[in-house]
Amino acid sequence: MTTATVSRWDRFRESFVWYSFKRDKVAIASFVVLLLMVLAAVFAPLLAPTDPYDLAQINIMNSELPPAGLAGSDPAFPLGTDAQGRDLLSTILYGTRVSLMIGFGAVLLQSVLGILFGLLAGYLGGKVDAVLMRIADVQLSFSTLMVAIIVGAVFKASFGNLMFGEIAIYMLIFIIGVAEWPQIARTVRASVLAEKKKEYVDAAKVMGFSTPRIMFRHILPNTLSPIFVIATVQIANAIISEAALSFLGLGMPETQPSLGSLIKSGFDYIQSGSWWITLLPGLVLVVLVLVINLLGDWLRDVMNPRLYKG
Amino acid sequence: MALLEVRNLDVRFAVRGGDLTALRGISFSLDKGERLGLVGESGAGKSVAAFSILNLIAKPGYIAGGQILFEGRDLAAMSERELRKIRGNRIAMIFQDPMMTLNPVLTIGTQMVEAIQAHRNIGKKEAKAIALDRLQKAQIPSPEKRLDQYPHELSGGMRQRVIIAIALLLDPEIIIADEPTTALDVTIQAEIMDLLLNLCEQENVALMLITHDLGVVSQVTQRMLVMYSGRIIEQGPTREIINDAQHPYTQGLINALPQMGEPGERLFQIPGSMPSLKNVPKGCPFHPRCRFATEQCKQSMPEYVRSGNVDVACYEVANLIEQEKHMQEAES
Amino acid sequence: MLAFLVQRISQAFLVMFVISVIAFAIQDGLGDPLQQMVGMSVSEEEREALREEMGLNDPIVVQYLRFAGNALQGDLGNSYFYSKPTLEVIAEHLPATLELVIGASLIIVVFSVPIGVYAAIRPQAWLSKFFMGVSTVGISIPVFLTAIMLIQLFSIGVTVNAFPADTGWGQWLNGFFSTEGGLPSYGRGDNLTHLFGTWHSGFFSEGGLMHLILPSVSLASIMLPLFIRLIRAEMMEVLQSDYIRYARAKGLSAGRINFLHALKNTMLPVITVGGVQIGIMVAYTILTETVFQWPGVGLMFLEAITRSDIPLIVAYLMVVGLIFVITNTLVDLIYGLVNPTVKLTGKKA
């Protein structure tokens, strides 16, 4: 009698992770919402009724129209328009796209940096560890937001407004990625220190494997699970950081706005009653960050089986 | 009427996927000034039994049934407020690891005085005097200094003496000691055990000693009960059980003691291991490891039968007693 | 204890040194004082002579030492925009920020401890779940957005007409959800009381306090959920420990167990984290001050960036760096004082 091979998908379906996910309504709802938002952002060029950055399509006569349902609205602009007459639905779609790109990009960068430095610090120890952790400590005590602001300010001053605007998206990924690597590095380092004591590391050394090989192929896979939790939350943090930087004028320019810059430009019009220009992008931002945080919370609970919920 | 009488105690754990039974039908009693030992492997349920007396089982555990009669009142049915009057006051507890038991950020003095003031309406000075007295009884040198010290400033043995002193603060009727020497250095284990024994004798305090160490049980206790998988399988006077254990499991435990082995021969081991709470077998929980197991053992839990002064839950023992009775009748 | 102090203070000096090097690097890299000081018409030779005179051609180490030496004497250059010593500009703006931070801190302390403790002792109560839910949402809202929403709600006012206005219950619901607004949302107002030096306080007049409300609440709003979650998590962990069970076994009252035994152990890690959060607050003041046009150092820093006022930027970094270092050192010291296991040995036990 032969035993059927169990595919990866089957194993996943039987796993505790899936079981827990199915039972947690909040996690499911958050995931669905996030998926919708990501898809909307990815397909923004197809979904948006207008291209808000094509000057030919904007008519100043349409400016400051309120969202559908309120007096004075125009059904062509379901979420209203901003002060230049741009359709808010379109700008929000494009803005979400930018925010998500920066969020994922920054987390990718900080994960690569964090894992690399964490592995080095943890495995090599000694001076390397001391120096890296000192830098991490100073960065953390300044708070990553502050570091991001300072780096952003310096870059903006040295590159000048125009050039900064053109490469802004890469700048922001770089800035936020560099500002946030310490947290991941610390976690990885802690895991590495714990794994270093285990026997499989001794076994690998005895077999004569080189240090990089041991670090990356043997130890690294065992340190990855807490990183998933942190990375998820960090995506939310990156999006907020980018929004903050854009709000301060150190982020995305008006010609390629993220949700943060949309909020900023809309803020000037709140006193005149056009609250939707700033608050609707704000709402989208909050929902996006919220669902990512909720998923992160669920992930953390799943990876930490200590707490009984009897 | 015994000082403490536990009748048919059932304790369960509420976990994902249903309840697990930790204790099933536990019944025993404790008289004034008596010293009772609870013996068994890790996981047999002895600590759970100890904590359930004062309803201090950690969540998700809960008392599912039975009675715990202390001076006639059922502790299992009491409100938290009522229980609080008894805890530390009439019934005191000693936990296993004194480093984890004492609050690291409060002084010894604070932790002793508060125990007194929780139950007596007396001032700080008077309370301190009582504390000093008990510290001296626990043979702690320079007791006045200790009151202002923090737990981490004392050695392990000293900390446990403090715990013993705290247990005696309000002259309790019963002290429940959960493996009081396991976490200590081997060299001071005997000292602490001696201290506890002497104090209990002097003050006429009943002692419920939970331990896995048969040697200690045979020296300290007057009666003992043996637990396995949440049930009491043998119960009676310590001397009788140690000298002539009836239940196959108890026999195994005693035979496994290094003192019982012959020099140069392999030490005796009971084959297999105690099942986890999730996998308790039907019938007598010991039957998978028992060489006398029969079909009956696999089907139902044996009732207690009396052999001498000892109660044993085992079909094999029951049969042997039956056979002996028949033989005696045949002779007469 | 002494060893502990010495170790911490020398660490502080080291960090300050690193910060000063970074600040100097920024100054050297970005700022060309000549460009700002003299116009285009000045000839190249004159510029060169001026450079020589100002010591801008000296080796970089010498320039750094001059910079550091001046800094230690309290001279961090003059602001391009204000044409005043930078430290003077900072001193004029600092009290406003400090009052904002004080206001926010008060709100945080007063609310986070009771709510966090309650949520830990009664995790199943609907009130706990409510607070935790609000906290999760709160963490997801960036501080400037909270500020904007607060302005909309309490400064501008919101009239809700979603419910049918011709019914009694509709009118009531509309009224319930509408707000009047009226709280000031711009600057600090005119009724400031002069305390000393450059410190004009808003705490002692009604006008000043009114102006403080929205900004302080905004600033607190990002930290409050963090602290509530932190206190709750720590407390729940502490409540599982053996010494808490032992305290129950001694028959102590629930109040004493929760508020002495548990809370004291809970607050230790909270103090550590709290100290770090104060650092983070400085970053958030920049955002809050921008929204409310609050004349503190945060707004000053942002304007300096827009104006490329390099000396002011550098001076701000040095001052903020110093504040961070002092705060972190103080927090470590306080932790060492409060935690008995740290006292004697000087190292964490």
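The predicted model scores an ipTM of 0.83 and a pTM of 0.77. For chain C, the mean pLDDT is 80, with 90% of the residues of this chain reaching 70 or more. Within chain C, confidence is highest in helix α10 (residues 242–249), at a mean of 90, and lowest in helix α2 (residues 33–37), where the mean is 60. Over residues 344–349 of chain C the pLDDT falls below 50, and this stretch has, beyond near neighbours in sequence, seven contacts in the model.

Between chains A and C, contact involves 34 residues of chain A and 32 residues of chain C. On the side of chain A that touches chain C, at least two residues each are supplied by α6 (126–142), α7 (144–166), α10 (211–247), α11 (259–267) and α12 (276–303) of chain A. Sorted by class, this side of chain A comprises 25 nonpolar residues, eight polar residues and one charged residue.

In chain B, strand β11 (residues 304–307) and strand β12 (residues 310–313) run antiparallel and are joined by four bridges. Across this pairing, Arg306(B) of β11(B) stands opposite Asp311(B), which belongs to β12(B). The hairpin formed by β11(B) and β12(B) has two residues between its strands, and in this hairpin Gly308(B) adopts a positive phi near 70°.

Conventions:
Residues are numbered from 1 along each chain as its sequence is written. Chains are lettered from A and ligands numbered from 1 in the order in which they are written. This is a predicted model: local features need pLDDT of at least 70, side-chain atom pairs count only at pLDDT 80 or more; totals for chains, interfaces and linings use all residues. Two residues are in contact if their C-beta atoms, placed from the backbone, lie within 7 Å. Ala, Val, Leu, Ile, Met, Phe, Trp, Tyr, Cys and Pro count as nonpolar, Asp, Glu, Lys and Arg as charged, and the others, Gly among them, as polar. pLDDT is the predictor's confidence in each residue, from 0 to 100. Two strands pair if DSSP finds at least two bridges between them.
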